[in-house]
Each structure stands twice: as structure tokens, then as C-alpha cells.
Amino acid sequence: SACLVGSEMCIRDSYNMEGRIIDCDPEVVNVVIPDRADGVRISDIADNAFSGCNQLKSVYISDSVINIGYGAFMGCTSLTDVRLSSNLYIMGKSAFENCTSLEKVEIPLGVETIETETFRNCISLTEVIIPESVSYVGSYAFADCTAFTEVTLPDIGFGKGAFQGCSGLKSVEINTGYLSEDLFRDCVNLTDVSFSADLEIIDSGAFANCTALTNITLPEGLVSIEYYAFSDCTGLKDVALPDSLTRIENYAFKGCTSLREILIPEGVEYVGESAFDNCYYLTNINAAEENEYYSSIDGVLFNKDKTTLVQYPDGRSGEYVIPEGVTSVGLGAFTYHDKLTGITIPSSMEVIPRECFSYCGALYSVVISEGVTDIDQGAFRYCSSLSDLSLPEGLTDLGDEAFLGCAALESTELPSTIKR
């Protein structure tokens with residue numbers, strides 16, 4: 001056993017001949033790691049060296065230390081005060097994870113990467129000073145740091161979920177051109193987001209379940225909104241999309257239950273499957289007249305030549321007549337629509353696609369025009385209110401489970417043209 005600084009800092013087998021702190025007394029309270037011990041220069045703190053030292057309150061790391069290993073202080077739940085070496089170069093993954101009493105950290109100039117989960121679940125952490133030398137913040141580095149209220153993102157890289165679950169976060173200033181996957185997922189009190197003019201991509205789930213967001217204006221220059229980027233933002237009422245936007249990926253705004261209307265700007269080339277699914281109050285999806293790929297009729301989204309119905313707004317109630325000339329319906333365009341009561345399918349639409357109207361619980365009347373030849377698998381599956389249905393002559397194919405779970409449908413006459 002060797003006491004390096006006073007009786008409060010007894011370190012057992014705490015350094016080897018390579019100058020690495022490898023272990024500590026689990027009852028240590030205050031630690032000062034010196035430049036040298038018994039003539040050996042201390043340069044490293046080994047993996048898990050202080051992990052689980054629940055009584056540790058303060059750490060002073062002298063300037064000889066250049067590396068803090070994986071999980072070095074993980075789970076030091078009483079740790080409140082940390083002074084890092086001014087020559088520190090590397091902080092390992094999970095170095096301070098679950099240090100639940102830690103309130104402030106100043107990362108020294110020279111550190112280039114804040115590794116994965118470095119400060120995860122530091123629930124008392126309110127301030128982190130990040131120097132200009134840092135070029136990348138790893139995945140979940142600050143995840144579940146629930147005391148954060150404001151964050152300014154410098155123009156550097158951020159890994160997946162770097163601030164996921166920071167439930168106290170209210171304001172974010174973004175100065176980077178790429179927002180990574182799940183970056184602010186589950187930041188349920190986030191209300192104010194300032195976007196960089198250089199922002200080009202919002203990756204999958206970046207703002208998913210940010211339930212307090214109500215209004216966002218996305219900057220000109222943004223190119224892509226990826227899968228689930230704003231999914232389940234249940235408070236989101238108004239979204240302004242820029243003309244520079246080219247892609248809205250699958251489920252990008254799924255579950256935005258307060259969204260009332262959306263305008264697809266002129267630059268958009270692709271709107272993904274169910275991009276606005278489960279937006280229960282969305283009544284209008286309009287496309288800019290200048291858009292070369294999409295159009296709209298009375299708030300319903302179509303491709304430009306109006307042969308494909310892309311998305312029917314979930315907030316619409318009552319009956320709907322699909323216009324003559326439509327030949328196909330996009331995946332998820334009507335699925336799970338719980339306010340649609342009646343649908344008329346035109347003769348131009350030869351095939352009713354697989355699961356096209358499945359789980360439309362309020363749908364009770366279906367009119368299928370002559371010219372429709374194929375009802376695909378599960379097309380009306382679990383339309384539990386469906387009671388009024390007539391199948392046209394000329395229908396040849398009836399897919400498996402096409403009307404499975406249609407409990408209110410007592411009977412219907414099959415046309416003679418059905419293949420048996």
C-alpha cells in the first residue's frame with residue numbers, strides 16, 4: 001500500500017513501473033494523482049482503476065497524465081469535483097459514466113475525441129466546457145445527462161445518440177452540417193432549436209420523441225430528412241420545409257399527432273413510405289406547384305401526373321373517392337386510417353395493393369368499380385366496421401386474407417369471374 005498524498009488518498013497497488021495507476025482503495029474519498037510516485041512518472045490511469053469507488057468525492061489529476069482508460073471512474077456516484085490534466089490527450093470510453101453527482105467538467109485543450117458513453121448518465125452534470133481541439137463526440141457520450149438545459153453544438157462530428165435522453169434539455173444551438181442518428185431522441189422538454197445555415201442532413205431519429213417541440217423552421221440548404229427523424233414529436237404543430245430539400249424518408253414525421261398541414265416544397269424528389277403516418281390531425285398534404293415530382297388535389301398527395309396516390313392525410317374523416325386515372329396507391333397511404341368511413345376505387349386502378357386499406361377501423365363502405373381485377377393479400381384486413389361491400393364483375397383474383405377480421409361483414413356475393 002502506498003499513500004501518495006496524505007492519509008485520505010491511500011492507493012493500493014496504485015502504480016506499476018510503467019507509471020500507470022491501476023487500482024485504488026474502494027473507500028478513498030479525495031484523490032490527488034501526482035506527477036511522480038517513488039520516482040516513476042505517472043502518465044496513465046488504467047481501465048476501471050477507480051470504477052465503483054462510491055465514496056470518492058474529488059479527483060485532482062496532475063499534468064503528467066495523458067491517458068484516462070476505459071471506465072476509469074465509472075460509477076463513482078459521489079464524485080463532484082474533477083480537475084483533468086492540462087496535457088490529457090485521451091479519455092477512454094465510459095470514463096465517467098454513471099458519475100451521478102458530477103456537476104461540471106472542463107475538458108483540456110488537446111483532447112480530440114470524447115469517446116462513446118464518456119459522461120453517460122451523469123444526471124447532475126450541468127456544464128461541460130469542450131475545447132476547440134475536439135473534433136468528434138462519440139455515441140451516447142452525454143446520453144441521459146438529464147440536468148443539461150442548453151447545448152451549443154460546434155461544427156464537429158457527433159455519434160449516434162450523443163445527447164439522447166437529456167430530458168432537461170430545452171434549447172439547442174446547432175452549428176454543424178450533419179445531425180447524427182438519434183442525436184436528441186427522447187429530449188422530451190426540448191422547445192427551442194436554432195439550426196445552422198450549413199445543415200444538410202438530419203439523420204434517422206435525430207429528434208424522435210421530442211414531444212415538447214411545437215414549431216420548427218428548417219434552413220435553406222437542408223437536403224435530406226431521414227427515417228423517423230421527427231417521429232413521435234407529438235407537440236409539433238408547424239413545420240416549414242425549405243426549397244432545397246430533396247428527400248423525406250420513410251416515417252420521417254410518423255406519429256406527429258398535432259401536425260395540421262404540410263407543404264412539400266418544390267425541390268423534393270422523394271417522399272418515403274408512411275412519411276406522415278399516424279399524424280391524426282393532419283388534414284392537408286400540399287405540394288408546391290413548381291414541384292416536378294409531386295402534386296396535390298384537395299390536400300391529398302399524388303405523384304406529378306396524378307397516377308399514384310402517395311399519402312392520404314390521417315386527419316381526414318368521412319368518405320373519399322379516389323380520382324379516375326389513379327392506377328396505384330403508395331405503401332401506407334391508407335393503412336391504419338381510423339377516420340375513413342367510405343372509399344370508392346376507380347376503374348383505372350386494376351389492382352388494390354397488398355394491405356392497402358388494412359386496419360381502417362371506421363371503414364364501413366367500399367365501392368369497387370368495374371375494371372378492378374385483383375384484390376391483393378390482406379387488402380382490407382381487420383376493417384372491423386366494413387359491412388357494405390359489392391365486388392364487381394371482372395374481378396378475377398382475391399388474395400389470401402383480403403377481408404380477414406372484417407367482423408361486421410356478414411356476406412357478399414362473389415362475381416362469376418373470380419378464379420376458383
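**Conventions**

Residues are numbered from 1 along each chain as its sequence is written, and side-chain values use heavy atoms, with hydrogens and water left out. Because the model is predicted, local features need pLDDT of at least 70 and side-chain atom pairs count only at pLDDT 80 or more, whereas totals for chains, interfaces and linings use all residues.

**Stop 1: confidence**

Colour the chain by pLDDT, the predictor's confidence in each residue, from 0 to 100. The mean over the protein chain is 93, and 95% of the residues reach 70 or more. Then select residues 1-13, where the pLDDT is below 50. Beyond near neighbours in sequence, this stretch has 32 contacts in the model, a contact being heavy atoms within 4.5 Å.

**Stop 2: the nonpolar cores**

Select Phe-50, Phe-73, Phe-96 and Phe-207. These residues touch the most other members of the largest nonpolar core, which has 94 residues. Such a core is a set of buried Ala, Val, Leu, Ile, Met, Phe, Trp, Tyr and Cys residues joined through side-chain atoms within 4.5 Å; buried means under 20% relative accessible area, exposed over 50%, and partly exposed in between, with a 1.4 Å probe and protein chains only. Strands that each supply at least two residues of this core include β4 (30-33), β8 (58-61), β16 (150-153) and β28 (284-287). Strands are DSSP runs (E, at least two residues), as helices are (H or I, at least four), numbered from the N terminus.

Centre the view on Phe-96. Which residues does Phe-96 touch, not counting residues up to four places away in sequence? They are Ile-68, Phe-73, Leu-79, Val-82, Leu-84, Met-91, Leu-102, Thr-118, Phe-119 and Cys-122. Next, select Tyr-312, Ile-343, Val-372 and Cys-406, which are among the 35 residues of a second, separate core. In soluble globular proteins, nonpolar side chains tend to be buried together.

**Stop 3: stacked rings**

The whole structure holds 22 aromatic pairs. Rings of Phe, Tyr and Trp (its six-membered ring) pair if their centres lie within 6.5 Å; planes under 30 degrees apart count as stacked, over 60 as edge-to-face and the rest as tilted.

Select Tyr-228 and Tyr-251. Their ring centres are 5.0 Å apart and their planes are at 15°, so this pair is stacked. Tyr-228 is in the loop between β23 (224-225) and β24 (238-240), and Tyr-251 is in the loop between β25 (247-248) and β26, 23 residues apart. Tyr-228 is partly exposed at 35% relative accessible area, while Tyr-251, at 18%, counts as buried.

Phe-230 lies in the loop between β23 and β24 and Phe-253 in the loop between β25 and β26, so the pair ties together parts 23 residues apart in sequence. Both Phe-230 and Phe-253 are buried.

**Stop 4: a charge over a ring**

Select Tyr-281 and Lys-339. Lys-339 lies over the face of Tyr-281, at 4.8 Å from the ring centre. The criterion is that NZ of Lys or CZ of Arg is within 6 Å of the ring centre and within 35 degrees of the ring normal.

**Stop 5**

Asn-303 lies in strand β30 (residues 300-303) and, at 18% relative accessibility, counts as buried. The side chain of Asn-303 reaches the backbone nitrogen of Lys-306 at 3.0 Å. Leaving aside neighbours within four places in sequence, Asn-303 is in contact with Tyr-293, Tyr-294, Ser-295, Thr-308 and Val-310.

Move to Asn-121, in the loop between β13 (113-114) and β14 (127-129). Phi of Asn-121 is positive, near 60°, and the residue is partly exposed at 27%. Asn-278, in the loop between β27 (270-271) and β28, also has phi near 60°, but at 14% relative accessibility Asn-278 counts as buried. Most residues other than glycine have a negative phi.

**Stop 6: exposed loop residues**

Finish with Leu-109, in the loop between β12 (104-106) and β13. Is Leu-109 buried or exposed? At 62% relative accessibility, Leu-109 counts as exposed. Among the residues that Leu-109 touches is Glu-132, in the loop between β14 and β15 (136-137). Glu-132 is exposed, with a relative accessible area of 80%. The C-alpha atoms of Glu-132 and Glu-292, 160 residues apart along the chain, are separated by 43 Å.

Note on methods: Polar contact = N/O pair within 3.5 Å; in protein donor to acceptor, adjacent residues only side chain to side chain.
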